[in-house]
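Please examine the sequence and the model shown here.

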Amino acid sequence: MQQHIKPGRLKFLMAAILISMFMSALDQTIVATALPTILKDLGGFNVLAWIYASYILTSTISILVVGRLSDIYGRKVFYLYAIAIFVLGSMLSGLSHNITQLIIFRAFQGIGGGALTSLAFASIGDLFTPRERGKWQGIIASSFGIASVVGPLVGGYITSTFSWQWIFYLNVPVGIVAFILLYTEYPNIKLEKDEKVDYLGILLFSISIVALVSALIFGGSLFAWASMQEYLLSSTFIIFLIAFIYYQTKAKYPLLPLHLFKNRSFVMVNIVAFLTSFGFLGGVVYLPIYFQYVRGASPTLSGVYLISLVAGLILTSIGGGLILTKFGKYKLLVLAGAIVASIGFFLLSTVSVNINIYLYSVYMFITGVGLGVLLPILTIVAQNFFNASEVGLVTGMIQFSRNIASAVGLAAMGAILNNSLISQFNKNKPANLPKVFSNKYETIKNSLTTSGGSFTTNVSAPKNLPSYLIKYVNEITSSVYKSLTASIGNILLFSAIVIVISIIFVFFIKEIPLRTTDTHTIVE
C-alpha cells in the first residue's frame, strides 16, 4: 500500500506508470495518422489490416497471460520486460525496410503494449486499497482520451516535419525514462501463493484468440464472411476454445481459473465493459471521419474538434474516481455513466452535414462525461470482488474483454457502415442525372463500399467544366456527403443502443462497499 512507500517515491512511481500507459495509448493514434505515408514508402496497401491486426492479436493475448503470470511471479519484473519489449519493438518498427518487417515488429511491440495496459491497472490494485484506487484509475484511464486527441496532432507534425520512422523512435527515450523510474521506485510485492505456469493453457488460449481476432478483423475485407477462410478461422476458434475451457477444469494451476465466473457480478462487469467499449468505438473511430471527409477538416483540426469529448472524459474519469474514493460505492456511478453515455451517443447520432459545430461539441462533451465514469470504475469494481492475489488476473480479464470488444466492434461497425452507405447512396441518388454523371455516382458508391475503397474519392468539379454541368457535380457532391453523414449517424445510434443494453446488466452487479484494506505486503 502507499502508506508503506515514502510520498516522494510514490510520486515518481505513479509518474512512471502514467508515462508507460500514455506511451502505449498514444502509439495507436500516432500510427493511424502516419499510415498513408508509411504505405507510400513501404507499399503493401493490400495487407494494411495486418499492421493493426498483428498488434491487436499479440496485445490481446498478453493482456490476460501477463496479468496471470504477474500474479504468480510479481508485477515488477514483467513491467520491466514489457517496457523493454515495447521500446525494442518500436525501434525495430522504425527500422523496417518493407511492410512484412513492419507487421512482424508491430506484433512484437504488441506483446509489450498489451502487458503495459494490464500491468498499469493491476499495479494500482497492488499499491492502493480498493477504496483508494478510484482517483488513480481515473487518471490512468483519462490517458486514453488524451492520446486520442494528442495522437493525430503529434503524429501529423512528426510525419510531416521529420519522417514516419520518428513516431516509433519517440517511444525509445520515453520508455527508457519509464524503465529507470520503475526499476528504482517500483516496490517488491510479497506474494502469498506458490503456483506453476499453465503453458498448455496459454497455447490453447493463444490459438483460439488468434483465430477469433483474425476472423473478426479480416471478415468482410480480406476475406468474404462466407468464405472458406472465415469458416476455418471460426472453427479453429470454437475447437480450441472448448479445449481450453475443458483443460482449465482439469489443470492444477489454470491460466484462467473458472471459479471467477461463478461470481455473477464479475460476469456482469465484464459484459458491461465489453458493451461500453464496443459502443465507445463509434465516437473514437467515426467522428474523425465525419470531421475530415464531410466538414473538410485537417487531421489536426479534427483532433481539436474532439477536445470537448476528451474534456468530458477527463473530467469524470478523475472526478468519478474521487467520488468513488470518498464514498466507496460504485453502482449508482456506473449506472449514471451508462445513461449519460447513451444519451450522448443518441445526440451525436442526429449529426447532419451542416450541424452547428459548437452544438455538436456540447453533444461530444456529454458523451465524454458518461464514458469517463465508466472506463476506470469497472476495473475497480471487478477487483473488489476478489482478494489481492488475483488482482492481475481480474484486471487482465477486464482489459481482455475490452480488447475483444474493439475487434468485434470494428467488424460490426464496418459492416453497418458498408450496408448503410449502399442504402443511403441508393436513396440519395440525384434524379435525372446524365449517363456519364450517373456512372460517376456509381463509381463513387462502389469505391466507398468495397474493401479497397477510399474516402478520398474526388467528387469536386473539374476545372473548366461548363456551368450548365456544374449543377450535376454539386448534386452528386451533396448526395455523397449526405449519405456518408447519415451512415455515420446510424453507427452512432447503434452505439447508443449497445450502451443502453449495458444498463440492463448494471442492475445485476452486486453493490459491495469498496474495502479499505488489502492483503499484499510491500517489501522495501
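Is Phe-291 buried or exposed? Phe-291 is buried, because its relative accessible area is 0%; buried means under 20% relative accessible area, exposed over 50% and partly exposed in between, with a 1.4 Å probe and protein chains only. The model is a predicted one, in which local features need pLDDT of at least 70 and side-chain atom pairs count only at pLDDT 80 or more, while totals for chains, interfaces and linings use all residues. Residues are numbered from 1 along each chain as its sequence is written, and side-chain values use heavy atoms, with hydrogens and water left out.

The protein as a whole has 17 helices and 2 strands. These elements are DSSP runs numbered from the N terminus, with helices (H or I) of at least four residues and strands (E) of at least two. Of the 524 residues in the protein, 55% are buried. Among contacts between residues at least 6 apart in sequence, 83% join residues at least 24 apart, where contact means heavy atoms within 4.5 Å.

The aromatic side chains come next. A pair of aromatic rings is described by the distance of the centres and the angle of the planes. Rings of Phe, Tyr and Trp (its six-membered ring) pair if their centres lie within 6.5 Å; planes under 30 degrees apart count as stacked, over 60 as edge-to-face and the rest as tilted. The structure holds 11 aromatic pairs. In one of them, the ring centres of Phe-291 and Tyr-305 are 4.9 Å apart and the planes stand at 50°, so this pair is tilted. The pair links distant parts of the chain, with Phe-291 in helix α10 (residues 264-293) and Tyr-305 in helix α11 (residues 299-305), 14 residues apart. Tyr-305 is partly exposed, because its relative accessible area is 23%. Phe-291 also forms an aromatic pair with Tyr-360, which is edge-to-face, at 6.4 Å centre to centre and 80° between the planes. This second pair likewise links distant parts of the chain, as Tyr-360 lies in helix α14 (residues 357-384), 69 residues apart from Phe-291 in helix α10. Both Phe-291 and Tyr-360 are buried. Ring pairs join Tyr-290, Phe-291, Tyr-305, Tyr-360 and Tyr-363 into a cluster.

Lys-76 lies over the face of Tyr-183, at 5.5 Å from the ring centre. The criterion is that NZ of Lys or CZ of Arg is within 6 Å of the ring centre and within 35 degrees of the ring normal.

Three further residues illustrate individual surroundings. Arg-106, in helix α4 (residues 99-127), is buried because its relative accessible area is 0%. Leaving aside neighbours within four places in sequence, Arg-106 is in contact with residues including Asp-27, Gln-28, Tyr-55, Ser-93 and Phe-168. Ser-342 belongs to helix α13 (residues 331-348) and is buried, with a relative accessible area of 7%. Ser-342 and Ile-503 are 161 residues apart in sequence, and their C-alpha atoms are 9.2 Å apart in space. Phe-12, in helix α1 (residues 7-42), is partly exposed, with a relative accessible area of 48%. Not counting residues up to four places away in sequence, Phe-12 touches Leu-181 and Glu-185. Between Phe-12 and Glu-185 there are 173 residues in sequence and 6.9 Å in space, C-alpha to C-alpha.

On a 1 Å grid over the protein atoms alone, a cavity is a set of points where a 1.4 Å probe fits but cannot get out, and a pocket is an open set with protein on both sides within 12 Å along at least five of seven lines; lining residues have an atom within 4 Å of a point. Grid points are joined across faces, edges and corners, and a volume is the space filled by probe spheres set on the points. A search of the whole structure finds 1 cavity of 30 Å³ or more. The largest cavity holds about 40 Å³ of space, and its lining includes Arg-68, Lys-196, Asp-198 and Tyr-253. The second largest pocket holds about 230 Å³ of space. Of the 13 residues that line this pocket, the closest to its centre are Phe-205, Ile-209, Leu-241, Met-397 and Phe-400.
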